[in-house]
Amino acid sequence: MSIKARNYIDGQWMTAQRELIKSYNPANFEEVVGEMQSSNERDVEIAVEAAAKAAKSWKHLGYVERGNILYKVANELEENLHIIAETLTKEMGKTLPEAIGETNRGIAILRYYASEGMRKQGDVIPATDQGALMYTKREPIGVVGIITPWNFPVAIPIWKIAPALIYGNTVVFKPATESAITAYKVIECFERAGLPKGVLNFVTGSGSSVGNAIINNEHLKGITFTGSEATGKLVAAAAAKNSVKFQLEMGGKNPVIVMDDADLEEAVSGILSGAFKSTGQKCTATSRVIVEEGIYEALKERLVTESKRIKVGNGLETDTWMGPCASESQMKTVLDYISVGKDEGAKLLVGGERLSEGDLQKGYYVSPAVFEDVTPDMRIATEEIFGPVIALIKVKSISEAIEVANSTRYGLSASLYTSNISKALEYIEDIESGMVRVNAESAGVELQAPFGGMKFSSTGSKEQGEAAKEFYTTSKTVLLRG
């Protein structure tokens with residue numbers, strides 16, 4: 001039975017009284033996972049007004065009590081973990097173990113930020129006036145708009161919503177339509193935890209109507225967006241025009257550098273996981289493998305062999321290692337890039353085909369692809385594909401590898417495999433990336449650490465950990481004399 005998702009506005013579940021939008025299972029496009037509201041500008045206006053009305057009382061509730069509510073949300077999410085994870089797998093396509101892991105991450109993020117309620121929120125500063133007390137305190141920025149992508153429908157919304165709420169902001173949240181049913185199940189947990197009305201508002205619909213209406217609302221004080229670079233630029237332009245604080249995460253073309261002295265088994269394992277888990281649909285996924293010539297042939301052979309062994313299928317099946325692309329349009333994008341790579345002169349070593357035999361015929365499945373003879377200027381080496389495709393590039397030294405790694409407009413995540421500390425230090429110093437990893441895959445970052453990139457990958461302050469405070473608050477300096 002499909003799920004009927006409603007908007008959540010001012011503490012009430014609401015219908016938009018328009019034709020519903022269907023969400024389909026990418027593993028079986030005949031299955032409707034759920035239906036969501038096709039909201040318009042008026043729905044958004046009501047949601048933002050509710051958030052603005054609730055802002056003062058939520059701020060004055062205080063950090064400790066706000067933290068207690070987030071703990072309750074975490075408990076609700078934990079009680080419904082398997083329901084939410086299964087919904088995620090059905091709607092987005094990633095394997096059930098990955099979906100469970102993502103939901104557990106959401107629980108951990110909620111508890112991390114809940115504990116912020118007991119941490120300091122300012123500093124005492126020496127004043128030249130001996131009769132005065134001078135200190136700083138953090139203030140919420142106000143109503144925050146949150147727009148999230150389809151690839152992490154639990155973790156990304158929570159790592160934006162949780163810090164927004166703990167620091168005293170109110171929220172209007174729009175998820176991607178491709179995974180809005182999963183997001184709806186998450187918002188149900190906030191509602192059951194007793195969140196005061198108006199503090200968190202959930203509105204579904206197209207980006208052109210709902211997203212634009214959020215960004216251009218006069219009550220909005222901040223907007224945080226994760227998605228494509230093209231859409232991110234539009235968000236930035238609108239936010240700048242309206243003097244709204246903005247934070248953007250817009251993608252990557254993440255390199256893994258493998259030196260001759262690397263542990264081959266460890267490198268191959270990290271590349272496969274980073275490139276093909278979640279079907280390569282991560283902004284931190286490995287897409288370029290830059291290999292020193294002495295280890296190139298051995299690494300290539302191992303990657304091809306292991307890629308052929310990957311079990312592609314429905315994410316609910318226990319032996320599935322990689323699920324489908326999240327939608328038909330995403331599958332077409334991946335297949336188009338594979339054709340582009342061939343046309344540019346790159347050699348497809350393995351994969352890159354739509355899989356349609358047996359039970360796969362009703363899904364959006366693509367076999368993991370590995371290219372070689374790739375030059376740094378090819379489109380498959382410079383543009384984000386967001387699918388299970390990696391490009392092998394041969395180099396002669398660590399310096400050349402770093403130069404190639406830095407040759408794209410993105411700088412989100414990068415990884416190096418080596419046993420040489422000098423190479424590692426050179427790489428750490430010179431790589432143009434917000435997240436720098438050594439002997440670890442490119443994908444992923446721990447929740448307590450800042451998340452964000454350089455160049456066109458990110459704009460504004462970092463997300464997660466203590467860094468989130470910089471976006472969701474402003475600092476007030478106080479001087480008090482008796």
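Residues are numbered from 1 along each chain as its sequence is written, and side-chain values use heavy atoms, with hydrogens and water left out. Because the model is predicted, local features need pLDDT of at least 70 and side-chain atom pairs count only at pLDDT 80 or more, whereas totals for chains, interfaces and linings use all residues.

Helices (DSSP runs of H or I, at least four residues) and strands (runs of E, at least two) are numbered from the N terminus. Helix α1 (residues 41-61) packs against helix α2 (residues 63-79) at an angle of about 100°, their axes being 6 Å apart; the two are therefore roughly perpendicular to each other, a term for angles of 65 to 115 degrees. On the α1 side the contact (heavy atoms within 4.5 Å) is made by Trp58, Lys59 and Leu61, and on the α2 side by Glu65, Arg66 and Ile69.

Strand β11 (residues 220-226) has 6 of its 7 residues buried, so it is largely enclosed by the rest of the structure, where buried means under 20% relative accessible area with a 1.4 Å probe, protein chains only. Strands pair if DSSP finds at least two bridges between them, and β11 pairs in the parallel sense with strand β8 (residues 143-147) over 5 bridges, with Thr224 of β11 as the bridge partner of Ile146. Strand β12 (residues 245-249) also runs parallel to β11, joined to it by 5 bridges, and Leu248 in β12 stands opposite Phe225. From β11 the chain crosses through helix α8 (residues 229-241) to β12 in a right-handed β-α-β crossover, meaning that the path from the first strand over the helix to the second runs clockwise with the strands pointing away from the viewer.

How values were computed: Axes fitted to C-alpha atoms, helices over the stretch in contact; angles between N-to-C directions. Parallel < 35°, antiparallel > 145°, perpendicular 65-115°, else oblique. Buried < 20%, exposed > 50% of the residue type's maximum accessible area, 1.4 Å probe, protein only.
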